[in-house]
Amino acid sequence: MSLRNAWYIACTSSALKRRTRAVTLFSTPLVLWRDASGVAHAFEDRCPHRSAPLSQGFVKDGCLVCPYHGWSFGDDGKCTHIPALGTDGAIPASARTRTYPVMEQQGYVWVWPGEAEPTVQPFQFPHLDESGWLTFRMSTRFESSVEACLENFLDCPHTATVHRGWFRNPDTREVEATVRRHADGVDVTFADEPITDSLVSRLLYPKGLPLRHTDRFIMPNVSRVDYEFGPRHHYIITSHAVPITDSQTQVFTVITFRHGNIGWLMRLMFEPMSRRIIQQDVDILKKHGDNVRRLGSERQTHLETDLVGSHMQLLRRRAERGDSTPLEESSKTVRIRF
Ligand code: FES
Ligand SMILES: [Fe+2]
């Protein structure tokens, strides 16, 4: 699979109404629109006549109409009507725009930007809309690459500096982490992780229950973090990172959780706190991204305590090359302080 041959979230279903919507995926401008039955479509945002942006057009009689000379396009991307053509005029076969496969699932509009036909279903966010679970969603723009975002979401050591006092503290402890890389991602489990004092632990963590913490990278663009305290208290933060360009990423985050019988009360604190914490990551990743742009390239030094980064890069590079040769699973236990 090339990294393009996957489903990416283009927007939430509720954000695509009767008006057209412009989005960019992999530096390619797209227009999203709904036909008369409400079915969503994605076209390249370029009219085949003079390259006007179709996203500035409108939908009429179930067709997308270009704002410049009024050519209309059906859901297969073919031009159906050219106002300037006389009765003898024929619509040329080249009067069509590129279409992309679209699906709607779990309240999102998903687009397949690859050349190959879709072979899989979109990613399923865990427990989203399941009874007994509460949910909130966030959509956040990062001025950084997909990999920098995903590594950040799965990186424990930065929490003691970037989220100091909010999520963790510099008062670090040594923890045993087992990192397992497989064909579709990386799983990290932490043994006997102590709970350090922070705003999050004071407000959200139930007292006296042991924490089970798992971090996962799921190919090609998802991070999932679980904090579990027995069967009734469980927080899951799942982020789907979408490349707008090489250095801009839109991240769709779903937070699903249960907290005994007072989940709704927890949500009142959890949601604003999560937004504050993600803004701290937006800020540090902007600084990081600006510096990489200023220097022209990124220098990296991988430590064994950078648990996920090098594995994620290996898996994504293989996918980019279309390399499907079997990859040996690896498993390693390391000591890490955070
Ligand atoms: S540029 Fe679209 S109709 Fe002319
Ligand atoms: Fe962070």
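Let's start at Pro220, which sits in the loop that runs between strand E15 (212-218) and strand E16 (222-229). The peptide bond joining Met219 to Pro220 is cis, with omega at about -5°. Keep in mind as you look at it that this is a predicted model.

E15 and E16 make a hairpin, with three residues between them. They run antiparallel and are joined by seven bridges. To find the pairing on your screen, pick Phe217, whose bridge partner in E16 is Ser223.

Strand E17 covers residues 233-245 and pairs with E16 in the antiparallel sense over eight bridges. Here Tyr227 is a handy landmark: its bridge partner in E17 is Tyr235.

An open sheet of eight strands has the order E12-E18-E17-E16-E15-E14-E13-E19, and its pairing is antiparallel. At the edges are strand E12 (134-142) and strand E19 (330-337), each of which pairs on one side only. From one strand to the next, the twist averages 15°.

Have a look at the E12 end of this sheet. E12 pairs with strand E18 (residues 248-259) through nine bridges, in the antiparallel sense. One pairing to click on is Leu134, which has Phe257 as its bridge partner in E18. Helix H4 (residues 263-295) packs on the sheet here, where it touches E12 and E18, and its direction makes about 15° with that of E12.

Four strands, in the order E5-E6-E7-E8, form an open sheet with antiparallel pairing. Its edge strands are strand E5 (58-60) and strand E8 (79-81), and each of these pairs on one side only. Inside the sheet, strand E6 (residues 63-65) and strand E7 (residues 72-73) run antiparallel and are joined by two bridges. Val65 takes part in this pairing, with Ser72 as its bridge partner in E7.

The loop between E5 and E6 holds Asp61. This residue is not a glycine, yet its phi is positive, near 50°. Is Asp61 buried or exposed? Asp61 is exposed, because 11 other C-beta atoms lie within 10 Å, and a residue with 12 or fewer counts as exposed.

You will find Ser27 in the loop between strand E2 (21-25) and strand E3 (28-34). Ser27 counts as exposed because it has 10 C-beta neighbours inside 10 Å.

The protein is divided into domain 1 (8-111) and domain 2 (134-337). Their centres, taken over C-alpha atoms, are separated by 36 Å. How many residues of each domain are in contact with the other? Seven residues of domain 1 are in contact with six residues of domain 2. On the side of domain 1 that touches domain 2, the elements giving two or more residues are strand E1 (8-12) and E2. The residues on that side divide into five nonpolar and two polar, with no charged ones.

Finally, here is the view of the whole protein. There are five helices and 19 strands. The C-alpha trace spans about 80 × 45 × 40 Å along its principal axes. Of the 338 residues, 31% count as buried. If you take the contacts between residues at least 6 apart in sequence, 60% of them join residues at least 24 apart.

Note on methods: Residues numbered from 1 in each chain as written. Chains lettered and ligands numbered in written order. Predicted model: local features only at pLDDT ≥ 70, side-chain atom pairs only at ≥ 80, totals over all residues. Pairing = 2+ DSSP bridges. Buried ≥ 20, exposed ≤ 12 C-beta atoms within 10 Å, placed from the backbone. Axes fitted to C-alpha atoms, helices over the stretch in contact; angles between N-to-C directions. Contact = placed C-beta atoms within 7 Å. Domains from an automatic or database assignment. Nonpolar A, V, L, I, M, F, W, Y, C, P; charged D, E, K, R; others polar.
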